[in-house]
Amino acid sequence: MPEWAAAPAAWLILIPLLWATLAFLFGPRWGGRFALFGITVQSLCAMQLVAALDSGVTQVLPVGGWSAPLGIELHVDGLAALMLLLTQVVALPLMLYTRAWLGAADRAAGYVWPLCGFMLAALHALFLAADLFNVYVALELLGLCAVALVAGDGKPQQLRAALHYLLVSLLAAAAYLLGVALFYAAYGTVSIATLVAVMDAQPPFAVVLAGTLMLVGLMAKTALFPFHFWLPPAHGSAPAPASALLSALVVKASFYVILRLRLTVFAEGDLTLDWLLAGCGGAAILYGSWRAFRCAELKMLIAYSTVAQLGYLFLIFPLLDTRELALAAAALQMVAHALAKAALFAAAGIVLVATGRDSVAALAALAGRLPVTWFAFGLAAVTLMGLPPSGGFLAKWLLIDAAVAGEYWLMVGLIISGGLLGAAYLFRILKRAFAPQASAAVLKPVPRIMEWMAFLLAAASVVIGIEATAIVEILGLVGST
Amino acid sequence: MNSAQALPLAVLASSLVPGLIIFALPQEQVMLRSLLNLAGAVVKLVLIVVMLFGVRAGATYGFNHEVIPGLELAFKMDALALLFVTLSAGLWLLTTVYAIGYLEGSPHRSRFFGFFSLCVTATIGIAMAANLFTFFVFYELLTLATYPLVVHRGTPAALRGGNIYLGYTLLGGALVLTGIISVRSLGGPIEFTPGGTLAHLGEGHAGQLRVAFVLLVAGIGVKAALVPLHGWLPHAMVAPAPVSALLHAVAVVKAGAFGIVRVVYEVFGVEFAQMLGVLQPLAWVAALTIIWGSLRALTQDELKRRLAFSTVSQVSYIILGVAMFGPAGTVGGLVHLVHQGIMKITLFFCAGNYAETLGVHKVSGMNGVGRRMPATSVAFSIAALGMMGAPLTAGAVSKHWLNMGADAAGLYWVPWVLFASSALNAAYFLPILYRAWLLRPPPAWPQEQIAAIGWRETAWLLLLPPLITGLATLGAGVFAGFEMSPLAWARLIAAREYMQVTP
Amino acid sequence: MSTGLIYACSGALLFGCGVAGTVLLKHLLRRILAFNVMGSGVFLILVGLAQRHGEADPVPQAMVLTGIVVAVAATALAVALLRRLAVPAGTGSSADA
Amino acid sequence: MMRQILAGLVVLAVGAFTLLLLAAMQSLPPSSSVDLAAEVSRHLAESGVRHPVTAVLLNFRAYDTLLEVAVLLVALFGVFVVAQPAGGEPPPAFTDDVLGALARGLAPVMLVVAGYLLWAGAHRPGGAFQAAAIVAAAAVLLNLAQILPAWGLPRAWLRVGLAGGLVCFVVAAAPVYVPGTLLGFPPEWAGSMILAIETSLLISLGLLLAALFLCLALDREPQPQSPPLATEDR
């Protein structure tokens, strides 16, 4: 293999930037093709990255040949590689779905393709980032892409949701950047690896404040309870393919940054803070599930379910003593939720195209028709409820194992009851499948590829519950720099 | 992969694969669908017969699949698993035949038969599970696969019944999960081993072990319809008759009873459980369930509801047998696992026939059905007599061994419970038989859908299954001493469980 | 107190004003402006603290340049959204803000 | 009343936070562990430019800059998403001779200044971003003076101009010149590569910044929205 091709991490940044720009230059007709081709190549890059992984070792790639602290480095370890691979696995079916969606909805394709491309580039940049300021730029790129995608068709509620999302996102970014500024003032560097080397056991107050600011900013971007308020309107009103991308990947990225920082710069940890995060996570599970249960709109219900499911991720922070177990649980939860949530939003989009309505009640008109979509709903719901056999179940099983190892029985109870609450709101959707054919309501034809892509994502979220060895192996030992 | 690993996998696949294909089939492909269903059921039976001979000769079957390092889906086909698998597979074949006849021309049949196959797959998985993780996976899968069958008709009543069913079973699942967690935190990954995995822990953790036992038994007891966790069963009666037959005789309640057997014998170990002092309370709960179910059955006018409460009562015979320390009780409980299945499925087939053929749903409307549908009514009568424990039927064998077990365990109140139950059984079954055979039929049936032609009182596909299971009820009683009879098999299991004594 | 630290302190004050503005102001355009004030505060802190010993440090200056461009981009997007939201209503304040 | 109390609380909280921030800044260690400025001057010679800020921006931390250009482009897409094709009456003609004359006079000067800033960036304060800001300002001025019309959704040539900078940057970033290294500039070419990037960025950034205004200026008269397929039933 020529040497230039042996830099998959670099190509993972450049390829989406390139195809996104080309999609803008050549217009929407070509955009879809560029996107599909680009993501196919990206998938190969991600696989190459995984193949080159060395368990427990973090690969360091200095950008421009300048190592930290002068330059910016990219770090690749199991967790990063897994997230990069996940991004491709979710994005490829969603792009196929989006192509059909744009055709079915008969709307001007606008700037969907370039935005998706830049969004993927930003995600890749975040997963590879090892520099606090670089994280800031990538987060902003990601946030603006997300906001532009939420604004989608320019309907008033979309614009309103997008604007609020943008304001929260900017506020969060400013808090994060202030934290970075304090870090730089204290240590003269923003490279994570260098910081780990030079930080003292007793950091000055400025650094504690910096860490808090960054954490709050990232929590707001992840929509962790009580900063969740922007998410349901944004994800609920955005066009379905955009909602799928946002819920599946975008919110995970800022969680990933929190996790990354916790494992490196804040490796010492702070028990109170860890439990605070877990507490917020627990509250998110309960509150999100309850709101989802009360929701009349289908996509809003799914969006609240995202709020709840993100809560599980934050439960791992007090459990990080059992490092592999907790990390495996978080990774599996991210993978399972990304696949299942993408499938759910994709299926909701199909309902929207077929019936023109976005309500749980509209589902009754679909009973007995569109079976593939129903199975997508069903399989994805099984994953989200955490019932076996599914990836969501495996994640919860591992999470419970980690909680039991620490003898945190309250958390065990919370995880189990969270699953029951999930079942409560998801069966509200599923039982509509069995309603007697209410009317001979005429359904708009739905391109089959949309149905099958939703099904594919949902099926994948279930299959990883039976065959997850590969995921754990990729994860390996997460490098602590 | 050698044949010892391939056979159990093939048994699972023989219903899973047809099920998945059926989902994809269009509604109109009746022939292909029926063919797939029946072929799967027959293949499964053949595979099981091969293994029956193998296991009797001492062979072991099983395979493991690693989900993630350190967590395995593990399957084993031991004598106990085979007892349940044989029952399920045999009755599945008959129920499939029956369901093809019953649902002829109704909508959503692809969906129905797909979930039907998944349901049996889950049951087989429960039977073959070799550790608690695997057991739980299939236990929850069973919930998911049966829900669509319960709400199949889609009426408001069906959806409400489905909600209740889900509420009970998912809560039960959560209890099981909690129980699994608490035993795992003590004993690591829990494999099912004869004599009990936890037995080596000794008295040290008695408190937590008792709590875990209660959690596991209560969670599994939801499916086994132990009082007071039986509330879902009468509501699930809204389902079509083949589903009721499946729920009551083959899959759900049996999975619950079977799960309790596994927990008592192979997680805790019967001797260890006796030492913990948890068997005696379990026996009381079982006895309470037996009496309560029978009492409630007395007052039900709707035939299927009466049968449902009868199930509540009868399934606890199994649990009572398990909870009585000693090999004879074990034999009684295990043999009733099979006998109750055969008898109850006969009753439900017959109830379905009355409803489908004549539109008779209530006991009060059954006057003279014996004259209009003699064959069905004969099958019904045999099964009902079996339930009462009449001589020459399967029920008599069960009760005989249960009484022996009670005697051996020194539980002198148990025979009284069994006697009271028989009396109550008679009190709610005999009036039905009286009406069916001795009273005059009404001038017109409420909704006669299938006309009688000579001997054929209803459709062949509806008539044959109850006749076969009715005969089996007699056969299991008359030929109980034969080598491959359920009784002989239950004694084999008990011998292997208790090692030293041959009952 | 060095010049750099004075810049940083005024940056902190600006940041505080900006935060209060984004939380308290109802008019969305003002909120966007308040966010810009906040951003400027952060930039001042970033540059000011780095050169609190007198020496100018090119790295935070470059970072601030990047940050300014990002802020401009975000502001443009926010104003565009606001404008589209507001024009049909004929006013700049959103009803539910 | 409630609102005022709430506002008072917010002001108190923010004030307390600001005090904390000030205190934190006083608590900083006297010197930071890493002296990045020294590091920059040590490697300045290899960077291909003589001005440290430009060296950081376009070489040491050029990766940030690459993403930042993408941010601008994304913001512009966001503007396009919400901008609608101009419809209805054009805005009433507005003529101001003084402004017109001023704009006509200033614009060429501004362009010259921009060129100077670009050139100066290599060795003293200045650079592509500053220059682009001036170019964009000139365009906005001309538009306000009714000399330069608002732009429609961009046609091909404008798209090339807007995206060209990023394409050049991405091409220059490819891990082929120093094999396997993202944004690896061989030292002997670094100067010319950076100049090429800067020049293409000047054009693109200038257009981008101008477009953020000129494309937004379009929707003065929004069309009544045609009901999209996906109506929500609230």
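These are my notebook entries on what I looked up in this structure, a predicted model.

**Entry 1: which chains touch**

I started with the pairs of chains. Four pairs touch, and the pair with the most contacts is A and D. Two other pairs turned out to be apart. Chain B and chain C share no contact, and their closest C-alpha atoms lie 38 Å apart. Chain B does not touch chain D either, with 25 Å between their nearest C-alpha atoms.

**Entry 2: chain D against chain A**

How many residues does each chain bring to the contact? I found 61 from chain D and 69 from chain A. The area buried between chain D and chain A is about 5900 Å², and carbon and sulfur atoms account for 74% of it.

Then I looked for charge pairing. The rule finds one salt bridge across the interface of chain D and chain A. I noted its partners: the side chains of Arg61(D) and Asp131(A), at 2.7 Å from N to O. For polar contacts, the rule gives eight residue pairs across the interface of chain D and chain A, with both residues at pLDDT 80 or more.

Which elements of chain D give two or more residues to the side that touches chain A? My list reads α1 (2-26), α2 (36-47), α3 (52-60), α4 (62-82) and α7 (156-173) of chain D. The largest share, 15 residues, is from α4(D). Sorted by class, the side of chain D that touches chain A has 41 nonpolar, 11 polar and nine charged residues.

**Entry 3: chain A against chain C**

Here I counted 26 residues of chain A in contact with 30 residues of chain C. About 2600 Å² is buried between chain A and chain C, with 85% of that from carbon and sulfur atoms. How many salt bridges does the rule find across the interface of chain A and chain C? I got zero. Polar contacts are present, though: three residue pairs across the interface of chain A and chain C, both residues of each at pLDDT 80 or more.

On the side of chain A that touches chain C, α5 (132-151) and α6 (156-187) of chain A each supply at least two residues. Helix α6(A) gives the largest share of that side, 17 residues. I sorted the side of chain A that touches chain C by class as well, and wrote down 22 nonpolar, two polar and two charged residues.

**Entry 4: one threonine in chain D**

Is Thr65(D) buried or exposed? I have Thr65(D) as buried, because its relative accessibility is 0% and the cut-off is under 20%. Thr65(D) is part of helix α4 of chain D. I left aside its neighbours within four places in sequence and found Thr65(D) in contact with Leu57(D), Leu58(D), Phe129(D) and Phe169(D).

**Entry 5: cysteines**

I searched for disulfides over all chains and found zero. For Cys9(C), the nearest cysteine sulfur is that of Cys17(C), 14 Å away. Cys9(C) is buried at a relative accessible area of 12%, whereas Cys168(D) is partly exposed at 36%.

Last, I went through the backbone. A reminder to myself: most residues other than glycine have a negative phi, and most peptide bonds are trans.

Where do the cis bonds that I noted fall? One runs from Ala68(A) to Pro69(A), with omega near 5°. Pro69(A) sits in the loop between β1 (59-62) and β2 (73-76) of chain A. Another runs from Pro388(A) to Pro389(A), with omega near -10°. I placed Pro389(A) in the loop between α14 (371-385) and α15 (391-405) of chain A.

I also noted positive phi values. Ala225(B), not a glycine, has a phi of about 60°. Its loop lies between α7 (206-223) and α8 (232-235) of chain B, and Ala225(B) is buried at 0% relative accessibility. Leu183(D) also has a positive phi, near 60°. The loop between α7 and α8 (187-214) of chain D holds Leu183(D), which is buried with a relative accessible area of 1%.

How values were computed:
Residues are numbered from 1 along each chain as its sequence is written. Chains are lettered from A and ligands numbered from 1 in the order in which they are written. This is a predicted model: local features need pLDDT of at least 70, side-chain atom pairs count only at pLDDT 80 or more; totals for chains, interfaces and linings use all residues. Side-chain values use heavy atoms; hydrogens and water are left out. A disulfide is a pair of cysteine sulfur atoms within 2.5 Å. Buried means under 20% relative accessible area, exposed over 50%, partly exposed in between (1.4 Å probe, protein chains only). Contact means heavy atoms within 4.5 Å. Buried area is the accessible area (1.4 Å probe) that two parts lose on being put together, summed over both. A salt bridge is a side-chain nitrogen of Lys or Arg within 4 Å of a carboxyl oxygen of Asp or Glu. A polar contact is a pair of N or O atoms within 3.5 Å; within protein, one must be able to donate a hydrogen and the other to accept it, and residues adjacent in sequence count only if both atoms are side-chain atoms. Helices (H or I, at least four residues) and strands (E, at least two) are DSSP runs, numbered from the N terminus. Ala, Val, Leu, Ile, Met, Phe, Trp, Tyr, Cys and Pro count as nonpolar, Asp, Glu, Lys and Arg as charged, and the others, Gly among them, as polar.
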